[in-house]
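Please look through the model below with these numbered points beside you, and check each of them against the picture as you read.

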Amino acid sequence: MLFGKEHVARYRATDGAEGHEWQGTTALILTTTGRRSGEPRDAPLIYRPHGDDYLVVASNGGADAPPTWYLNLQADPEVEVQVLGDRFRARARTAGAEEKAELWPIMTAAWPSYDEYQAKTEREIPVVVLERVSP
């Protein structure tokens with residue numbers, strides 16, 4: 001099973017032929033800028049398309065602290081996304097409460113464990129919208 005850095009490496013090397021399909025769902029690679037280091041940071045994340053945008057969830061497995069990639073994009077919302085062989089710049093934003101109510105079921109259909117993760121923490125788990133930026 002691919003996970004972490006190995007997942008990113010295989011995904012990149014094969015334009016997603018290995019790593020896009022993951023445990024019955026699909027994954028993209030999100031690259032943020034480290035808020036302290038300024039270095040690129042890659043994360044394979046479950047996603048769903050939503051119109052021209054892509055949705056990801058900052059669940060961190062239901063931990064009380066958000067994932068590092070989410071903290072990075074809060075500091076700098078300009079990110080890079082790779083879906084299969086398509087690599088593009090995007091702007092990340094956290095869905096507001098009303099929008100999240102619409103988007104959460106889309107993401108739990110992709111990964112039902114998100115509901116379990118939310119039940120494990122008092123932290124409101126965000127849905128992040130990745131909006132493609134024109135070159």
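1. Strands here are DSSP runs of E with at least two residues, helices are runs of H or I with at least four residues, and both are numbered from the N terminus; two strands pair if DSSP finds at least two bridges between them. The hairpin made by β2 and β3 has 6 residues between its strands, and in its turn Gly38 has a positive phi of about 75°.

2. This is a predicted model, in which local features need pLDDT of at least 70 and side-chain atom pairs count only at pLDDT 80 or more, while totals for chains, interfaces and linings use all residues. Residues are numbered from 1 along each chain as its sequence is written, and side-chain values use heavy atoms, with hydrogens and water left out.

3. On one hand, 2 bridges join β1 to β2 in an antiparallel run, with Thr26 as the bridge partner of Glu21, and the hairpin of β1 and β2 has 2 residues between the strands, where Gln23 takes a positive phi near 50°. On the other hand, β2 pairs with β6 in the antiparallel sense over 3 bridges, and there Glu80 is the bridge partner of Thr31. Strand β2 is also mostly covered, since 8 of its 9 residues are buried, where buried means under 20% relative accessible area, exposed means over 50%, and partly exposed lies in between (1.4 Å probe, protein chains only).

4. From β6 the pairing can be followed onward. Strand β6 (residues 78-83) is joined by 6 bridges to the antiparallel strand β7 (residues 86-94), and Arg91 in β7 is the bridge partner of Glu78. The hairpin of β6 and β7 has 2 residues between the strands, and Leu84 in the turn has a positive phi of about 55°. Strand β7 in turn pairs with β8 (residues 127-132) in the antiparallel sense over 5 bridges, with Ala92 standing opposite Leu130 in β8.

5. Which residues does His20 touch, leaving aside its neighbours within four places in sequence? His20, found in the loop between α1 (4-13) and β1 (21-22), is in contact (heavy atoms within 4.5 Å) with Tyr11, Thr25, Thr26, Ala27, Tyr47, Val83 and Leu84. The relative accessibility of His20 is 9%, so His20 counts as buried.

6. Ile125 lies in the loop between α4 (113-120) and β8, and with a relative accessible area of 0% Ile125 is buried. Leaving aside neighbours within four places in sequence, the contacts of Ile125 are Val57, Ala58, Ser59, Gly62, Lys100, Trp104, Tyr117 and Gln118.

7. Taken as a whole, the chain has 4 helices and 8 strands, which run α-β-β-β-β-β-α-β-β-α-α-β from the N terminus on. The radius of gyration of the chain is 14 Å, close to the 14 Å that the globule rule gives for 135 residues, so the chain is as compact as a globular protein of that length; the radius is taken over C-alpha atoms, and the rule is 2.2 Å times the number of residues to the power 0.38. Of the 135 residues, 44% count as buried.
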